[in-house]
Structure formats: structure tokens, C-alpha cells
Amino acid sequence: MKSLRVKPEGNAVIPSARITSVATRSGKPHIVIIVENMPVPADRRVWQQATALVDNGWRVSVICPKSAAHPQSREVLEGVEIHRHSLPCEANGIMGYIAEYSAALMMETLALLRIGLGKIDIVQICNPPDFLFVPALMAKWAGGAKIIFDHHDLTPELLAEKTGKDNGALMQFARWSEKQTFRVASKIISTNTTFAKLAKNRGGKSDQDVNVVYSAPDMNRMPRVQTNSALKKGKDKLILWIGMIGSQDGVDLLLEAIRILKFDMKYSDFHVLIAGDGPEREKLIQYAHETDIAAHISFPGFLSGHAFFEALSTADIGVGSDPKNDFNDRLAMNKVMEYMAYGLPIAMFDLAECRKIAGDAALVAQGNDPVSLAGKLKTLLDDEPLRLRLGQAGYNRLTEYYAWEKQKEIYLRTCLQVLEAAA
């Protein structure tokens with residue numbers, strides 16, 4: 001296995017002293033964060049940002065969708081004012097995404113109007129989609145709010161991956177929307193160095209306009225808890241997968257790897273916990289039954305709070321089955337850092353940005369090949385000293401380079417810079 005001990009690129013060192021906010025004419029500075037693809041507090045990145053701001057004297061409002069686990073329209077948690085909206089449908093296919101995003105845009109605009117356009121100092125928009133700049137501009141024009149773009153995903157590349165096309169009217173609109181989002185934002189927060197370079201090259205932003213804030217877990221909010229052997233369903237080892245279950249997320253490749261592991265490699269003393277949800281979930285549950293691997297797999301949906309910590313504390317291996325393509329290759333997957341936070345060795349496909357982050361914590365499968373992924377899983381299942389060695393390497397790397405305490409300083413400083421520039 002090739003050693004990857006390179007220190008990650010990033011921002012200049014920021015002192016670890018507590019960053020405090022500045023007062024505005026209305027008292028506490030007020031930031032509104034708009035996120036469409038996940039509710040809070042389930043969206044760990046956004047929730048950590050929101051609570052960090054509250055802890056530093058800001059008023060924070062979050063506009064996000066409802067979910068089965070979070071059905072309340074209005075709620076205040078840990079000082080964060082949450083405004084949730086319903087969606088008429090769950091996205092499935094391009095037309096489904098268009099319907100979902102159009103409805104969300106209307107609901108988010110109404111929520112922003114209810115908050116009051118003249119009472120907002122900063123609007124932070126989190127993609128996808130990339131046309132959240134529309135409600136943000138309303139707050140800018142009506143009340144002088146500044147705009148921060150927290151760049152979560154590459155929407156044009158995601159669209160190309162889903163449609164198999166890199167041209168046409170829809171793609172032109174996606175590229176135009178991305179360009180407008182970069183243009184209106186005072187600051188860009190990039191989730192990794194690849195995104196930061198894109199913001200400069202494709203978005204035309206300067207070095208001073210862009211900061212990298214990795215989606216590292218807050219170790220104080222993700223405790224190790226007592227393991228729960230019931231999650232293993234009577235098996236010796238637990239394999240954990242975390243994330244959205246969409247067509248580009250590779251859960252189908254994971255299930256095929258599990259079928260190969262069980263029937264071709266004759267290995268069966270394991271259980272797989274797929275902690276996530278999305279439009280492909282029901283189809284994949286059916287596939288698991290059709291291929292006679294359903295007894296080895298649990299699909300509990302999204303896990304949060306103690307149940308989430310319990311799964312991470314109990315698991316023996318974390319798996320990243322997202323296939324290598326132009327879109328996934330540039331993403332810093334949250335799941336990779338979450339596995340590292342709990343000292344889990346990782347089996348994953350050869351994604352450039354994730355390999356940078358995981359370093360020596362991962363065994364890398366090649367060619368989006370389920371056979372290769374099954375082989376890496378079997379290697380880890382068979383070798384406890386290797387699991388321990390990789391898990392410790394990942395934990396050390398996370399705490400040295402990516403810990404949320406370091407990322408939080410950069411995020412808070414960015415918000416403060418935007419606020420001071422507007423004063």
C-alpha cells in the first residue's frame with residue numbers, strides 16, 4: 001500500500017484563541033444559513049457551523065427541509081432558530097430534481113421573508129442546488145446582507161454524471177447558476193482544496209476570497225459510546241456505510257461486493273449496516289432480497305444522535321463504495337472523516353480527494369470493481385492487527401490535520417471578516 005503522509009493543503013495558520021463576534025446596530029450579528037438537501041441537525045457540517053456561531057455570540061437562523069425524523073416547521077435547538085419547509089416530492093431522476101428544487105426555492109424564499117430581509121447581516125447558501133443565490137440576493141438588495149457560499153457539491157459535474165451529457169440547455173443553466181453563485185458571494189468556503197482551486201479558476205475568485213473548511217467531525221459532539229452487539233445480528237464483524245443512497249453513491253456496488261464476499265469468497269461472518277436514505281434505497285433493498293444477501297444487511301435509514309455514535313463505536317470497518325468518476329473524484333466525503341474519528345479502517349474506491357484525506361487509513365479498491373472491493377473487505381475482516389493499525393493511522397491524521405477545532409477557527413474568522421467588511 002502506497003504511503004500517503006502528505007500534509008494537506010489549506011489556509012494559513014490561524015491562532016487558536018477564541019474568535020468573538022462584533023456587535024451590529026441591531027445587537028447580535030444575524031446569519032441565515034440556507035441548506036436544501038438535508039435538514040438540521042442531521043446535516044453535520046451545517047449544524048457544527050451553526051452551533052459554533054451561537055457559541056460565539058451570533059444569532060443563527062437555518063432554513064432547511066423537513067424529514068421524517070425532523071418534521072417540525074419551527075424549532076430552537078441549542079440556540080439555533082430552525083425554519084423547516086416541506087417538499088412535495090422526493091427527487092428521483094432529473095425531472096424529480098427539477099420539481100424538488102423549484103418547490104424548495106419557493107419555500108426558502110417565503111421562509112426568508114418571514115424572518116425579515118432587513119434583519120439579516122449575512123446569508124450563507126449551501127449547494128446543491130446552485131440557484132439559492134436568488135433568495136440571498138433578495139436579502140442583499142433589501143437589507144444590505146452579505147453573501148457567503150459554502151460550496152458542498154459540484155452541481156454541473158453531478159448533473160453530467162446523472163444524465164451522461166455535458167451539454168444542452170439544462171447543463172448551460174447549471175453552469176450559469178454556478179457562475180452567478182460565485183459572482184454574488186463575498187466569500188467562498190470550500191470543502192477541500194480541489195473545490196478551492198475551482199472557485200478561483202472557474203469562479204474567478206481571488207485567493208483572499210476563498211477559504212478551505214473541511215467537513216471534519218467535532219470530536220466533542222461525536223463521543224465513543226458503549227458498543228451494541230445487537231447491530232452485528234449475531235455475526236463477528238460489522239461493516240458500516242454512511243451517506244445518501246442515490247444513483248451516484250455506489251451502494252449497488254457495495255451490495256454486489258457483499259454478494260461476491262458471501263458466495264464467491266465463501267465468507268459470511270459479517271453484517272453490513274447501511275446508515276442512510278435516498279431515492280435508490282427501496283430498489284436496493286429489493287436487490288438484496290433477490291440476491292440472497294438480505295440477512296447480511298440492515299437498512300435503518302439515517303441515524304442521528306446516540307444511534308449514530310453507537311453504530312460508529314460498534315463497527316469494525318468503514319466502507320466507501322462511491323465510484324470513481326469526475327464528480328466523486330473531487331469530493332471530500334463526510335463518511336471518510338467520520339470513520340477516521342472512530343478509528344475505523346476504511347475500504348474504498350480510488351477517489352483522489354478522499355485518498356488525500358484518509359492517507360494510510362484506507363485500503364483502496366481499483367476500477368470501480370466490486371470484486372476488488374470485496375477483496376479489500378476480506379483482507380480487513382481477516383486481519384485484526386491491520387485493522388487496528390489503519391484505524392489508528394486515520395485517527396491520528398484526523399486529529400493532527402483536520403480536527404473541527406481547527407476548521408472552526410477558519411470558518412468563524414471568515415464570517416467575522418465578511419461582517420467587518422460590511423460595517
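Contact here means heavy atoms within 4.5 Å. This is a predicted model, so local features need pLDDT of at least 70 and side-chain atom pairs count only at pLDDT 80 or more, while totals for chains, interfaces and linings use all residues. Residues are numbered from 1 along each chain as its sequence is written, and side-chain values use heavy atoms, with hydrogens and water left out.

**Nonpolar cores**
- Ile-274 touches Trp-241, Ile-245, Val-251, Leu-254, Leu-255, Ile-297, Ser-298, Phe-299, Pro-300 and Gly-301, leaving aside residues up to four places away in sequence.
- The largest nonpolar core has 103 residues, and Ile-274 and Leu-377 touch the most other members; such a core is a set of buried (under 20% relative accessible area, 1.4 Å probe, protein chains only) Ala, Val, Leu, Ile, Met, Phe, Trp, Tyr and Cys residues joined through side-chain atoms within 4.5 Å.

**Around Glu-280**
- Glu-280 sits in the loop between strand 10 (270-277) and helix 8 (281-290).
- Glu-280 counts as buried because its relative accessible area is 13%.
- Its side chain makes a polar contact with the side chain of Lys-283 at 2.8 Å; that term takes a pair of N or O atoms within 3.5 Å, where within protein one must be able to donate a hydrogen and the other to accept it, and residues adjacent in sequence count only if both atoms are side-chain atoms.

**Helix 2**
- Met-106 lies in helix 2 (residues 94-115).

Definitions and conventions: Helix = DSSP H or I, 4+ residues; strand = E, 2+ residues; numbered from the N terminus. Buried < 20%, exposed > 50% of the residue type's maximum accessible area, 1.4 Å probe, protein only.
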